Amino acid sequence: MTVSNESQQTLVHNLFEQQFQYSAQVICHAPGRVNLIGDHTDYNAGFVLPAAINFGTTIAASRRDDKVIKVYAHDCEQQIDEFSLADISFNQEMMWSNYIRGTLKALMAVYPDINGANLVVSGNVPQGAGLSSSASFEIAILNTFCQLYQLDLDGINAALIGQKAENEFVGCNCGIMDQLISAMGQKNHAMLLDCQDLSFVDAPIPEDLTLFIVNSNVKRGLVDSEYNTRREQCEQVAKHFGKNTLREVTLEQLILAKEQLTPELFRRARHVITENIRAVASLKALKANDMAALSCAMKESHISLRDDFEVSTKEVDGLVNIIDNVLGEQGGVRMTGGGFGGCVVALVPSNLVSAVEIAVNSQYEKNFAIKPSIYLCTATQGAFRASA
Ligand code: GLA
C-alpha cells in the first residue's frame with residue numbers, strides 16, 4: 001500500500017469546508033518515521049538512523065480571534081473536541097486530543113500569546129505500529145501553529161516541544177528521535193542523529209532500495225511500562241559508572257564490570273553500547289552502498305534487541321526470519337521502533353520486492369494466524385525542513 005499526501009490534503013480541505021462552512025487558511029503535514037537502525041539509544045544520548053516516511057498527519061486550519069481550539073478528528077471516530085488555551089487539562093475520554101492539548105501547552109510556554117484555531121485532522125500512520133503516529137501528530141500541530149501565527153520556531157525546537165508534550169503531558173518517557181525526524185527528515189535520505197547534541201548527517205538512500213515495512217499486527221501490550229523500565233535500567237547502569245548516560249560508557253568498560261552488574265543489566269547496557277556502534281557503521285555502509293555491511297549490522301541489531309534488550313516478540317522474530325531467508329546479504333531486515341509488536345523494516349533491492357512480498361504473504365499468516373500489512377515506503381521531507 002502506498003499513500004499520496006495530495007489525497008490527504010484534498011480530504012482535510014473538503015472536510016474543513018463541511019465542518020466550518022468556509023475554507024481553511026492553511027493545510028499542513030508532518031510525516032511518521034521508520035528507524036533503520038539504532039533503537040533504544042536515543043534516551044541514552046546515543047545514535048539513531050531514521051527516515052521520515054510517506055505516511056503522516058495532515059491538518060487544515062484557520063485562526064480564531066479567541067483562545068478556543070475546536071478540532072474535528074476524522075480518523076478518531078470523527079470525534080470533535082473543544083477546549084480553551086487558557087485552561088488546558090488532560091482529556092480522559094478522547095486520548096487523541098491529549099496530543100494536541102500537550103503540544104499546545106508546551107508551545108505556549110514559549111509563545112504565550114497565540115490565539116485559538118479551528119482544525120480538521122486526518123492521519124494515515126498506522127496507530128500502535130511503531131511508526132510514530134503520535135510524533136507526526138505533534139509536529140503537524142506545531143507546523144500548523146507556526147504557519148497560522150508566523151512563529152519563528154525551527155525544527156529542532158519543534159521536536160523538543162513535541163517531546164516535552166509526550167514526556168510531561170501524555171506520560172510517555174520517550175526520547176527525541178521520532179519528533180526530530182518528523183520535523184527535519186530529508187526526502188530520499190535517512191538521518192544519522194546524534195542524540196547527545198542533536199547534530200545530524202543526511203545519508204542518501206540508494207535509489208534501488210525500497211523501504212519495505214511489514215506490520216506484524218500484534219497488539220502491543222504493556223508498551224509504556226516496559227519502555228519506562230528499560231529506560232530506568234539503562235540509567236541504573238550509567239549511574240554505576242558514575243556517568244549521566246550510557247553514551248559515556250565504552251564496551252571495554254562494560255565488559256570489565258560484568259561481575260558487578262546483574263546479568264540482565266549487563267545485557268541491557270550491552271545492547272545500547274553495541275547498537276550505537278552499529279548505527280554509526282550503518283551510516284558509512286549506506287553512504288558506500290555496502291549492502292553486505294548494512295545487512296550484517298541490521299541482523300545483529302535485531303538479535304541484540306531480541307536477546308539483550310528483550311523487546312521483540314515471536315511474531316516479529318518470525319517476520320524477520322521470513323524476510324531474511326529471501327534477502328540474505330542482498331538486503332537488511334530488523335524490528336524497528338520501541339518493540340513489543342509493531343513493525344519490521346527491510347531494505348529491499350527492487351528486484352527482490354515481489355519475492356519478499358510473496359514470502360511474507362504466504363508464510364506469516366500460516367505460522368502465526370495473523371494477517372500482516374505491507375507498506376512500501378519512500379523517505380520524505382520533514383515538516384520543518386527546507387527543500388534541498
Ligand atoms: C519509541 C520512542 C523513541 C525511541 C524508540 C526506540 O519510538 O518514542 O524515542 O526510544 O521507541 O528506539
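Predicted model: local features only at pLDDT ≥ 70, side-chain atom pairs only at ≥ 80, totals over all residues.
Local features require pLDDT of at least 70 and side-chain atom pairs pLDDT 80 or more, whereas totals for chains, interfaces and linings use all residues. Residues are numbered from 1 along each chain as its sequence is written, and side-chain values use heavy atoms, with hydrogens and water left out.

Pockets were defined on a 1 Å grid over the protein atoms alone, as open sets of points where a 1.4 Å probe fits, with protein on both sides within 12 Å along at least five of seven lines; lining residues have an atom within 4 Å of a point. The largest pocket is lined by 49 residues, with Y99, G128, S133, S134 and R220 nearest its centre. Its volume, the space filled by probe spheres set on grid points joined across faces, edges and corners, is about 1,100 Å³.

Residues with a heavy atom within 4 Å of the ligand include D39, D42, C174 and M177. Among the polar contacts (pairs of N or O atoms within 3.5 Å), ligand oxygen atoms lie 3.0 Å from a polar side-chain atom of R33, 2.8 Å from a polar backbone atom of H40 and 2.6 Å from a side-chain N or O atom of Y227. The protein covers 91% of the 310 Å² of accessible area that the ligand has on its own (Shrake-Rupley method, 1.4 Å probe).

The second largest pocket has a volume of about 180 Å³, and its lining includes N188, E207 and C377.

How values were computed:
Polar contact = N/O pair within 3.5 Å; in protein donor to acceptor, adjacent residues only side chain to side chain.
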